[in-house]
Amino acid sequence: MSDMYELFAVRYGHHDRRAAANFLGGDPHDGPMPLDYYVWVIRGERQSFVFDTGFDPEVGVRRSRTLLRPVGEGLKMIGLEPAEVEDVIVSHMHFDHAGNHGLFPRARYHLQDTEMAYCTGRCMCHHALRHPFDLEDVTAMVAKVFAGRVTFHDGSSEIAPNLTVHKVGGHSKGLQIVRVLTRRGWVVLGSDASHFYANFEQGRPFPILESLSDMLEGFDTMRRLASSPQHIIPGHDPLVLKRYPAALPGVADIVRLDAEPAGAD
Ligand SMILES: [Zn+2]
Ligand SMILES: [Zn+2]
């Protein structure tokens, strides 16, 4: 039988924001449009994978983001012991995706060549490009490189059977997305390739950009890799928690992405 995976979105944070800040060129119907912060768990029969590592409490305070539940606690709630995780996939090095450096002491980290070069090179001389990166996240990843704990990818790579990463760039130069086979078909975890459903559905990019053309191409890449548009999971949309069923009774913000979503509203 082909390898299939269970899939979870684990919310850990929240940030109130207005719609105008979520679209390049603003939004004529400006109103509240908050961001949720997630990490994702890909659970196979033999092994589990963590996609993105979130921010830790100190960074949440410094950046005025609300930490709802430490990332490690959310993982433990679905039976995943962070200290036992062997593979972590990092979509990109922004502060809300690459923190909690000590949480996975055994893990090997999967990252695109381009992302590491981007966040350690000349583009970081520019405040506008540097701002979403945290120096400690970058230096901690450099330390992992020197410790032999990083596997670099260039483009598309297979991490495990029916689990692949794909570089799309756009939002950050080496941003990668994940494609994974589940009981409902091929699901794409887009992370910040699309913060909200509205970004890719309406072709309206989020304004933090390294390349507009790569971001627009990335929307098409997600559609091509997913079994249907309902199989694409945006990186920060509170609607994910509304559309997918709770993984645990009484816990609304850990959901099963391998289950059929409720209809779009
Ligand atoms: Zn980002
Ligand atoms: Zn993000």
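**Strands, zinc sites and a cavity**

Biologist: How many residues separate strand 10 and strand 11 in their hairpin?

Modeller: There are 2 residues between strand 10 and strand 11 in that hairpin. Helices (H or I, at least four residues) and strands (E, at least two) are DSSP runs, numbered from the N terminus. This is a predicted model, in which local features need pLDDT of at least 70 and side-chain atom pairs count only at pLDDT 80 or more, while totals for chains, interfaces and linings use all residues. Residues are numbered from 1 along each chain as its sequence is written, chains are lettered from A and ligands numbered from 1 in the order in which they are written, and side-chain values use heavy atoms, with hydrogens and water left out.

Biologist: In which sense do strand 10 and strand 11 pair, parallel or antiparallel?

Modeller: They pair in the antiparallel sense over 5 bridges, where pairing requires that DSSP finds at least two bridges between the strands. Strand 11 covers residues 185-191, and its Trp186 stands opposite Leu181.

Biologist: What about strand 9 and strand 10?

Modeller: Strand 9 (residues 163-167) is also antiparallel to strand 10, with 5 bridges joining them. Lys167 stands opposite Gln176 in strand 10.

Biologist: How many residues of strand 10 are buried?

Modeller: In strand 10 (residues 176-182), 6 of the 7 residues are buried, so the strand is mostly covered. Buried means under 20% relative accessible area and exposed over 50%, with partly exposed in between (1.4 Å probe, protein chains only).

Biologist: On to the metals. Which residues are the protein donors of the zinc ion (ligand 1)?

Modeller: They are His92 (NE2), His94 (ND1), His171 (NE2) and Asp192 (OD), at 2.1 to 2.2 Å from the ion. Donors are N, O and S atoms within 2.8 Å of the metal (3.2 Å for Na, K and Ca), and sites may look incomplete because water is not among the atoms.

Biologist: Why is the arrangement around the zinc ion (ligand 1) irregular?

Modeller: Its 4 donor atoms subtend angles of 89 to 174°, which makes the arrangement irregular. Four donors count as tetrahedral if all angles lie between 85 and 135 degrees; four count as square planar and six as octahedral if opposite donors are over 155 degrees apart and all others between 65 and 115; anything else is irregular.

Biologist: How are the donors of the zinc ion (ligand 1) spaced along the chain?

Modeller: The spacing is H-x1-H-x76-H-x20-D. Distant parts of the chain are linked by a pair 77 residues apart: His94 in the loop between strand 5 and strand 6, and His171 in the loop between strand 9 and strand 10. Both His94 and His171 are buried.

Biologist: Which residue bridges the two zinc ions?

Modeller: Asp192 bridges the zinc ion (ligand 2) and the zinc ion (ligand 1), which lie 3.5 Å apart. The zinc ion (ligand 2) is coordinated at 2.1 to 2.2 Å by Asp96 (OD), His97 (NE2), Asp192 (OD) and His236 (NE2).

Biologist: What angles are found around the zinc ion (ligand 2), and what spacing do its donor residues have?

Modeller: The 4 donor atoms subtend angles of 86 to 155°, so this arrangement is irregular. In sequence, the donor residues are spaced D-H-x94-D-x43-H. His97 lies in the loop between strand 5 (87-89) and strand 6 (108-112), and His236 in the loop between strand 12 (232-234) and helix 8 (239-243), so the pair ties together parts that are 139 residues apart in sequence. His97 is buried at 1% relative accessibility, and His236 is buried at 2%.

Biologist: Finally, what is the volume of the largest cavity?

Modeller: It is about 50 Å³, and the structure holds 1 cavity of 30 Å³ or more. A cavity is a set of points on a 1 Å grid over the protein atoms alone where a 1.4 Å probe fits but cannot get out, and lining residues have an atom within 4 Å of a point. Grid points are joined across faces, edges and corners, and the volume is the space filled by probe spheres set on the points. Among the lining residues are Thr53, Met93, Tyr109 and Lys144. Helix 5 (residues 135-146) gives the most to this lining, with 4 residues.

Conventions: On a 1 Å grid over the protein atoms alone, a cavity is a set of points where a 1.4 Å probe fits but cannot get out, and a pocket is an open set with protein on both sides within 12 Å along at least five of seven lines; lining residues have an atom within 4 Å of a point.
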